[in-house]
Amino acid sequence: AVILDPRATLYTPTWLWLSTGLRALDHAIEGLCSVNPSPLIHALGLEAVRLLSKGLRQSNQHPDDLQARLDCLQGAWLAGIGIMRVPFGASHGIGHSLGAVTGMSHGYTSCIMLPHVMRYNHDKTKFTQSLIAQAMGSTLDAPDAVARLVEELGLPSRLRDLQVKPEQFDAVAAGAIDNLWVKTNPEPITKQAQIHGLLAKAW
């Protein structure tokens, strides 16, 4: 059993709470944009996006708001159901390698890479991204809505913010190219140079 108790999260460091919430949003979004979509994961993913977008903003502004924290917990639960049920994409795959090479936390990799990967995948996931933007309550394009949320939460949005150096890009790209989720990115990634390009935009 997993008990979702928002009171227990009051002790979670703010940076960890918010960045882990972005990681959960990444689960939802890459599940929605999957190359092998599922009606179940689609329905759960949109509700997860709605709950997380609302809950993260509210819990950031009012850290003692238990309902906002419960929204985040429930959103993360719904988003997590897609893990290993549908293929994810390059935000996850590149994030794995970024963490391994640089020591960056998994939540921070989502804050930085997710908007760039969404833009890269836009032509293949345009309709789904429009639904994501709606679920976020935004009139912006979905990648910009995610980037705006990261900014509102005061989370890092560039690799340079976390002292990642361009000299590390080759190692990150080499580690990511054979990642399970890079191989199932909606817009195919077949060369390390494509990953290098995404890292350069994120820097």
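Author: One begins with the order of the elements. In this predicted model, the elements run α-α-α-α-α-α-α-α-α from the N terminus on. The chain has nine helices and zero strands. Its radius of gyration is 16 Å, close to the 17 Å that the globule rule gives for 203 residues, so the chain is as compact as a globular protein of that length.

Reader: Along its principal axes, what does the C-alpha trace span?

Author: The C-alpha trace spans about 45 × 35 × 35 Å along those axes. The accessible surface of the chain comes to about 9600 Å², and 56% of that surface belongs to carbon and sulfur atoms. Of the 203 residues, 49% count as buried. Among the contacts with a separation of 6 or more, 75% are made by residues 24 or more positions apart.

Reader: How should I read the interior?

Author: In soluble globular proteins, nonpolar side chains tend to be buried together. Here the largest nonpolar core has 54 residues, and those that touch the most other members are Leu22, Ile29, Val49, Ile94, Leu159, Ile195 and Leu199. Helix α1 (residues 14-32) gives the largest share of this core, eight residues.

Reader: Which residues does Leu159 touch, not counting those up to four places away in sequence?

Author: With those neighbours left out, Leu159 touches Leu98, Met104, Ile112, Val164, Phe169, Leu199, Ala202 and Trp203.

Reader: How does one read the faces of a helix?

Author: In helix α9 (residues 192-202), the buried residues are Ile195, Leu198, Leu199 and Ala202. Seen down the axis of α9, these residues fall within an arc of 100 degrees, so they line one face of the helix. Ala193 and Lys201, on the other side of α9, are exposed.

Reader: Against which helices do the buried residues of α9 pack?

Author: They pack against α4 (90-102), α5 (106-120) and α8 (169-176).

Reader: May we apply the reading to another helix?

Author: Let us take helix α7 (residues 142-152), whose buried residues are Ala142, Pro143, Ala145, Val146, Leu149 and Val150. Seen down the axis of α7, they fall within an arc of 165 degrees, so they too line one face of their helix. The cover over these buried residues includes α1, α2 (39-61), α5 and α6 (122-135).

Reader: How should I read the backbone angle phi?

Author: Most residues other than glycine have a negative phi. Just after α7, Gly154 takes a positive phi of about 70 degrees. Met84 is not a glycine, yet its phi is positive, at about 65 degrees. Gln163, likewise a residue other than glycine, has a positive phi near 60 degrees.

Reader: Where do Met84 and Gln163 lie?

Author: Met84 has its place in the loop between α3 (66-80) and α4, while Gln163 lies in the loop between α7 and α8.

Reader: Is Met84 buried or exposed, and is Gln163 buried or exposed?

Author: A residue counts as exposed when its relative accessible area is over 50%. Met84 has a relative accessible area of 60%, so it is exposed. Gln163 has a relative accessible area of 57%, so it is exposed.

Reader: Which backbone oxygen does the side chain of Thr184 reach at 2.8 Å?

Author: The side chain of Thr184 reaches the backbone oxygen of Phe88 at that distance. Thr184 itself is in the loop between α8 and α9. Not counting residues up to four places away in sequence, Thr184 touches Val35, Pro87 and Phe88.

Technical notes: Residues numbered from 1 in each chain as written. Predicted model: local features only at pLDDT ≥ 70, side-chain atom pairs only at ≥ 80, totals over all residues. Heavy atoms only, no water. Core = buried A, V, L, I, M, F, W, Y, C linked by side-chain atoms within 4.5 Å. Buried < 20%, exposed > 50% of the residue type's maximum accessible area, 1.4 Å probe, protein only. Helix = DSSP H or I, 4+ residues; strand = E, 2+ residues; numbered from the N terminus. Contact = heavy atoms within 4.5 Å. Arc of directions from axis to C-beta. Rg over C-alpha atoms; globule rule 2.2 N^0.38 Å. Areas by Shrake-Rupley, 256 points an atom, 1.4 Å probe, with all protein chains shown as cover. Polar contact = N/O pair within 3.5 Å; in protein donor to acceptor, adjacent residues only side chain to side chain.
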